[in-house]
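Open the model in your viewer and keep the selection panel at hand.

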Amino acid sequence: MEQIVVETYLAEGIVGKSAAIKKVIDLAKKVAPTDSTILISGETGVGKELIARYIHHLSPRQDKSFVALNCGAIPETLLESELFGHKKGAFTDAVADKKGLFEEANDGTFFLDEVGELSSSTQVKLLRVIENHEIRPVGSTEIKKVNIRIIAATNKDLAEAVKNGRFREDLFFRINVIQIHIPPLRERKEDVPLLIAYFLRRYNQQFKKEVTDISDEAMTMLMNYDYPGNVRELENIVQHAIVVAEGSMISKNELPSFVPARQSLPEPVEPIFKTMEEMEKDIVRETLLKCHGNQSLSAKKLGIGRTTLIRKMKKYNIGVRS
Ligand SMILES: Nc1ncnc2c1ncn2[C@@H]1O[C@H](COP(=O)(O)OP(=O)(O)OP(=O)(O)O)[C@@H](O)[C@H]1O
Ligand SMILES: [Mg+2]
């Protein structure tokens, strides 16, 4: 039996047996005890937040807060006051002093999701948090010290964003101290059956159902699917199947219609036809090469006389290496 990596912490599990997911878990374990800033990269739904929470859970900060913020989800004008807090009167709606999320997360871990979405002015301020552990609330002159560990995540190529001038290079180097890349699910299909089993257990419990089997046909379809939405998409597919299943079996009918029934066949390879002459030419050339151009030996190997060989060489215009 192959070893199955099932890391469990709190109510969550990290399921998989692929070399890729093992590598991710190993690295997460190594970096967890440190305070090092981490960049987790990977497509949508691969498990970036899951790994970030896992790292927090294994770190000395585990009893402190884990604050997650999607940088792309909040309008720029609100984001700064959300992150750094504000002083009463800093802007029209600032009726009282407000603590920012960085302060709330003091001593804990801050998960900055979609960090590539930060505006350049917020990027500068984040850099100050990382370099000097300092924040300045909007409208305040007072600088506060904070002790937070930053885990950033991105589904974009941040290095590319740096090249295009959309992300500050200095901040990139500060964030990208340790990068954990989680490969897409289509590149680690061996994790699919384990994830299916895991989600079946989880959602049968939640929905109080007993859908425990899966037909060979449905399994083949799930193994062949590409999962543009990665693990989250597989999770949704299993939930869908459990909800619509009437018996204990998931068959093709319980899968959402976007999962294709049959993988398209590979493009047929054009058959190659050769004439007898072309084949003879190939064989003569090949034999001469193998015999390092030795004509007597080649003729012998071909079972013809040496003069016949020379005639054929002339006919096919085959030179001989000296
Ligand atoms: N290896 C895994 N084992 C079990 N569950 C997983 C695994 N990877 C991801 N999941 C589950 O898949 C869902 C998506 O994971 P998560 O939210 O961490 O992805 P993400 O990379 O942060 O996605 P996004 O880029 O959309 O924010 C979650 O419900 C998570 O628990
Ligand atoms: Mg996420």
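Which pocket does the space taken by ligand 1 form? It is the largest pocket. Bear in mind throughout that this is a predicted model.

**Stop 1: the ligand and its shell.** Select ligand 1 and the residues within 4 Å of it. There are 19 residues around ligand 1. V15, T44, G45, K48 and E235 come nearest. Now colour the shell by residue class. It divides into 8 nonpolar, 4 polar and 7 charged residues.

**Stop 2: backbone contacts.** Start at V15. A polar backbone atom of V15 is 2.8 Å from a nitrogen atom of ligand 1. Go on to G45. Here a backbone N or O atom lies 2.9 Å from an oxygen atom of the ligand. Then pick L50. One of the backbone N or O atoms of L50 also lies 2.9 Å from an oxygen atom of ligand 1. Taken alone, ligand 1 exposes 640 Å², and the protein buries 88% of that.

**Stop 3: the elements behind the shell.**

- β2, residues 12-16
- α2, residues 48-58
- α8, residues 192-207
- α10, residues 230-244

Each supplies at least two residues of the shell around ligand 1. Which element gives the most to the shell? That is β2, with 4 residues.

**Stop 4: the domains.** Zoom out and colour the chain by domain. The domain assignment gives domain 1 (5-183), domain 2 (188-254) and domain 3 (277-315). From which domains does the shell around ligand 1 draw at least three residues each? Domain 1 and domain 2 both do so.

Finish on domain 3, residues 277-315.

Conventions:
Residues numbered from 1 in each chain as written. Chains lettered and ligands numbered in written order. Predicted model: local features only at pLDDT ≥ 70, side-chain atom pairs only at ≥ 80, totals over all residues. Heavy atoms only, no water. Polar contact = N/O pair within 3.5 Å; in protein donor to acceptor, adjacent residues only side chain to side chain. Areas by Shrake-Rupley, 256 points an atom, 1.4 Å probe, with all protein chains shown as cover. 1 Å grid on protein atoms, 1.4 Å probe; cavity = no way out; pocket = protein on both sides within 12 Å on 5 of 7 lines; lining within 4 Å. Sits in = over half its atoms within 2 Å of the grid points. Nonpolar A, V, L, I, M, F, W, Y, C, P; charged D, E, K, R; others polar. Domains from an automatic or database assignment.
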